[in-house]
Amino acid sequence: MQDDWKAQLGLRVPVVNAPMGGAAGGRLAAAVSAAGGLGMIGMGSSGTAEALQRELALVPAGARVGIGMVDWVARGNPEMFDVAIDARPALLSVSFGSDFDWVARARAAGIPTVTQVADVAEARVAHDAGVDVLVARGLEGGGHGRPLSSRDELLVSVLSVTDRPVLAAGAISDAEDVRRVRALGAAAVWVGTAFLLTTEALTTPGARQALLAATGSDTVLTRVFDRALGYSWPPDIPERVLANRFTARWHDQPPPFDEELAGAELRAAITRDDPAEQSVNAGVGVGHLRDGLSAADVVAMLTP
Ligand SMILES: Cc1cc2nc3c(=O)[nH]c(=O)nc-3n(C[C@H](O)[C@H](O)[C@H](O)COP(=O)(O)O)c2cc1C
């Protein structure tokens with residue numbers, strides 16, 4: 001079954017780039033697919049139908065890419081979900097929700113589905129809902145996720161409750177990591193942070209500078225950026241980011257959290273692309289990042 005899935009997606013290398021809002025657009029997705037993996041366009045907390053259309057337009061005709069969305073964002077933007085279905089992606093991801101009604105729509109359109117899970121209970125729900133591929137997303141990972149188990153422990157437990165392909169995610173940084181999770185039974189890897197500095201990524205210059213200087217111990221799990229922007233993330237889903245002045249100032253603030261002040265500071269930092277005051281998502285593998293690599297270089301580095 002796992003090999004059928006790879007053939008269906010045209011995967012020559014068992015590497016899927018994680019859909020990353022603000023970082024993984026059409027250029028990165030197309031480059032990862034051209035290098036033998038599967039590229040995914042990410043629509044994050046501020047994803048829109050227009051932004052998705054813009055990124056899809058950067059994918060060369062005939063190239064196979066996937067699309068990944070966040071559950072609460074897709075529900076608030078039915079048009080974005082429609083654009084995703086109409087694009088007939090090679091793989092459709094909706095993560096961080098508990099209602100899998102979207103799977104039937106994808107299936108009716110012949111689109112394979114994937115979702116990220118953080119524990120066995122979520123894996124069972126996704127399996128029972130008919131999701132084709134599961135991602136065991138460990139707490140080492142960058143960006144949002146329920147931080148419940150480390151990657152390899154989670155992978156083994158998810159494999160025990162499904163016969164579907166399971167991808168491993170969280171701090172996958174090199175071919176040795178890929179070999180390790182494949183030996184544990186992963187069908188492929190789902191990799192975010194390792195692609196953040198590639199020439200094709202949408203990562204801003206300020207964020208690139210901060211990522212290059214960081215190590216894994218510089219990351220922190222927090223909700224302060226989401227609270228400052230009034231995003232509707234469930235309270236038990238923080239994001240892993242680079243610790244910075246903003247997290248130092250707001251992370252341990254006792255309630256009431258001053259959303260207006262924090263939001264004004266954050267919006268100003270985003271406008272001036274200041275990595276000390278804005279959210280820079282990264283997993284604990286961030287210390288392995290090197291500058292000046294293409295997506296194809298990173299796929300080659302990850303090839304077992
Ligand atoms: C910059 C960044 C943005 C992300 N945005 C999204 C997103 O929009 N949707 C999503 O499902 N996951 C998102 N994620 C999480 C990834 O899907 C994945 O869980 C994570 O990147 C895996 O860990 P790694 O970053 O250590 O490789 C994001 C991760 C990063 C680093």
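Analyst: Angles under 35 degrees count as roughly parallel, and those over 145 as roughly antiparallel. The model is predicted.

User: How are helix 8 and helix 9 oriented to each other, roughly parallel or roughly antiparallel?
Analyst: Helix 8 covers residues 151-159 and helix 9 covers residues 175-184; their axes lie 10 Å apart, at an angle of about 30 degrees. The cut-off for the parallel class is under 35 degrees. Helix 8 and helix 9 are therefore roughly parallel.

User: Which residues make the contact between helix 8 and helix 9, and how many of the contact residues are nonpolar?
Analyst: Helix 8 contributes Arg-151, Asp-152, Leu-155, Val-156 and Leu-159, which meet Arg-180, Val-181 and Leu-184 of helix 9. By class, this contact has three charged residues, no polar ones, and five nonpolar.

User: What is the handedness of the crossing of helix 8 and helix 9?
Analyst: The two axes make an angle of about 30 degrees. In passing helix 9, helix 8 makes a crossing that is right-handed.

User: How are helix 3 and helix 5 oriented to each other, roughly parallel or roughly perpendicular?
Analyst: The axes of helix 3 (residues 49-56) and helix 5 (residues 78-86) cross at roughly 25 degrees and come within 8 Å. An angle under 35 degrees is the condition for the parallel class. Helix 3 and helix 5 are therefore roughly parallel.

User: Which residues of helix 3 and helix 5 are in contact, and how many of them are charged?
Analyst: On the helix 3 side the contact uses Ala-49, Glu-50, Leu-52, Gln-53 and Leu-56, and on the helix 5 side Glu-79, Met-80, Val-83 and Ala-84. Sorted by class, the contact has six nonpolar residues, one polar and two charged.

User: How many residues of helix 2 are buried, and what covers them?
Analyst: In helix 2 (residues 26-34), seven of the nine residues are buried. They are Gly-26, Leu-28, Ala-29, Ala-30, Ala-31, Val-32 and Ser-33. The cover includes strand 1, strand 2, helix 3, strand 3 and helix 14.

User: Which residue with a positive phi follows helix 2?
Analyst: Helix 2 runs over residues 26-34. The residue with positive phi after helix 2 has a value near 110 degrees, and is Gly-36.

User: What kind of aromatic pair do Phe-246 and Trp-250 form?
Analyst: Both residues lie in helix 12 (residues 245-250), four residues apart, or about one turn of the helix. An α-helix has 3.6 residues a turn, so residues three or four places apart point the same way. The ring centres of Phe-246 and Trp-250 are 6.2 Å apart with 40 degrees between the planes, and the pair is tilted.

User: Is Phe-246 buried or exposed, and what is the relative accessibility of Trp-250?
Analyst: Phe-246 has 0% relative accessibility and so counts as buried. Trp-250 also counts as buried, because its relative accessibility is 4%.

User: What kind of pair do the rings of Trp-250 and Phe-257 make?
Analyst: Trp-250 and Phe-257 are both buried. Their ring centres are 5.4 Å apart and their planes stand at 65 degrees, so the pair is edge-to-face.

User: How many aromatic pairs does the structure hold, and which residues form one aromatic cluster?
Analyst: The structure holds seven aromatic pairs. One aromatic cluster is formed by Trp-72, Phe-96, Tyr-231 and Trp-233.

User: Is Val-286 buried or exposed, and which residues are in contact with Val-286?
Analyst: Val-286 is placed in the loop between helix 13 and helix 14. At 1% relative accessibility, Val-286 counts as buried. Leaving aside neighbours within four places in sequence, Val-286 is in contact with Thr-193, Leu-211, Ala-214, Thr-215, Gly-216, Thr-219 and Leu-242.

User: Where is Ala-171 found, and what is its phi?
Analyst: Ala-171 is in the loop between strand 8 and helix 9. At 23% relative accessibility, Ala-171 counts as partly exposed. Most residues other than glycine have a negative phi. Ala-171 has a positive phi, near 60 degrees.

How values were computed:
Residues are numbered from 1 along each chain as its sequence is written. This is a predicted model: local features need pLDDT of at least 70, side-chain atom pairs count only at pLDDT 80 or more; totals for chains, interfaces and linings use all residues. Side-chain values use heavy atoms; hydrogens and water are left out. Axes are lines fitted to C-alpha atoms, for helices over the stretch in contact, and angles run from 0 to 180 degrees between N-to-C directions. Helices (H or I, at least four residues) and strands (E, at least two) are DSSP runs, numbered from the N terminus. Angles under 35 degrees count as roughly parallel, over 145 as roughly antiparallel, 65 to 115 as roughly perpendicular and the rest as oblique. A crossing is left-handed if the near helix is turned anticlockwise from the far one by less than a right angle, and right-handed if clockwise. Contact means heavy atoms within 4.5 Å. Ala, Val, Leu, Ile, Met, Phe, Trp, Tyr, Cys and Pro count as nonpolar, Asp, Glu, Lys and Arg as charged, and the others, Gly among them, as polar. Rings of Phe, Tyr and Trp (its six-membered ring) pair if their centres lie within 6.5 Å; planes under 30 degrees apart count as stacked, over 60 as edge-to-face and the rest as tilted. Buried means under 20% relative accessible area, exposed over 50%, partly exposed in between (1.4 Å probe, protein chains only).
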